[in-house]
Amino acid sequence: MDTHSKHLPADERRAVTVESVVALAGTQNPSEITTAAIAKHMNLTQGALFRHFPNKEAIWQAVMEWVADRLLARIDRSVKGIESPLAAMEAMFMSHIAFVAEHPGVPRMMFGELQRAEPTPAKIVVQALIKRYGERLSRLLDSGKENGELSPSLDNEAAATLFIGTIQGLIMQSLLAGDVERIRRDAPKVFAIYRRGIERAQ
């Protein structure tokens, strides 16, 4: 991290801290990322770090808020101007995949937070993200039924669960293979199978 980070304004320092955690999570187990490691990555003391965040939990919450804001903004941009709900779902799927490929530490952190038994602030942010994501999917599924692209008997909840689960499966396969780019290669083929399962028979 550039030594100039020592002299950043507070808002920028918080943003740089979040980006540092995302970067670190891409190369190591998020549960093993300490505030000392974050401070070292940023060329700061822990004391300087805690002037901007009261504790590690607050840092994790800020990271998950960063993820939620950027992922939702990205998928919203990806579907803008696309009239076909099915095509919009594909754009949403591929933009999510691209986000993960660019930030491989993000799913590790999300899975880690969702496994926590207690309702931590970061876990609550992740749960809210999944809910908002599901609402976007549900609207597209309803639109697809209305315009005849999707089967009228399609179970929206199951289709949304499978959409998100398919992305999670691709993520797990890429993590197991130790090959982040695999997710980009496999995504189009996998979405094609998903699409055949939900579209209306011609």
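How many positive and negative side chains does the protein chain have, and how far apart do the centres of the two sets lie? The protein chain has 25 positive and 24 negative side chains, the centres of the two sets lying 4 Å apart, where Lys and Arg count as positive and Asp and Glu as negative, with His and the chain ends not counted, and where the place of a charge is taken as NZ of Lys, CZ of Arg, CG of Asp or CD of Glu. The model is a predicted one, in which local features need pLDDT of at least 70 and side-chain atom pairs count only at pLDDT 80 or more, whereas totals for chains, interfaces and linings use all residues. Residues are numbered from 1 along each chain as its sequence is written, and side-chain values use heavy atoms, with hydrogens and water left out.

The secondary structure of the protein chain consists of nine helices and zero strands, these being DSSP runs numbered from the N terminus (helices H or I of at least four residues, strands E of at least two). Along the principal axes, the C-alpha atoms occupy a box of roughly 65 × 35 × 30 Å. Of the contacts (heavy atoms within 4.5 Å) with a separation of 6 or more, 67% are accounted for by residues 24 or more positions apart. The accessible surface, computed by the Shrake-Rupley method with a 1.4 Å probe, comes to about 10,500 Å², and 53% of this surface belongs to carbon and sulfur atoms. Among the 202 residues, 43% count as buried, that is, under 20% relative accessible area, with exposed meaning over 50% and partly exposed in between (1.4 Å probe, protein chains only).

The structure holds eleven salt bridges, each defined as a side-chain nitrogen of Lys or Arg within 4 Å of a carboxyl oxygen of Asp or Glu. One of them joins Glu-135 to Lys-131, with the closest N and O atoms 2.8 Å apart; the two residues are four apart in helix 7 (residues 121-146), so they are separated by about one helical turn. Glu-135 is partly exposed at a relative accessible area of 33%, whereas Lys-131, at 55%, is exposed.

A salt bridge also links Arg-185 with Asp-179, the closest N and O atoms being 2.6 Å apart; Arg-185 is partly exposed at 49% relative accessible area, and Asp-179 is partly exposed at 24%. Glu-181 and Arg-184 likewise form a salt bridge, at 3.1 Å from N to O, with Glu-181 partly exposed at 38% relative accessibility and Arg-184 partly exposed at 35%. Finally, a network of salt bridges connects Glu-90, Arg-195 and Glu-199.
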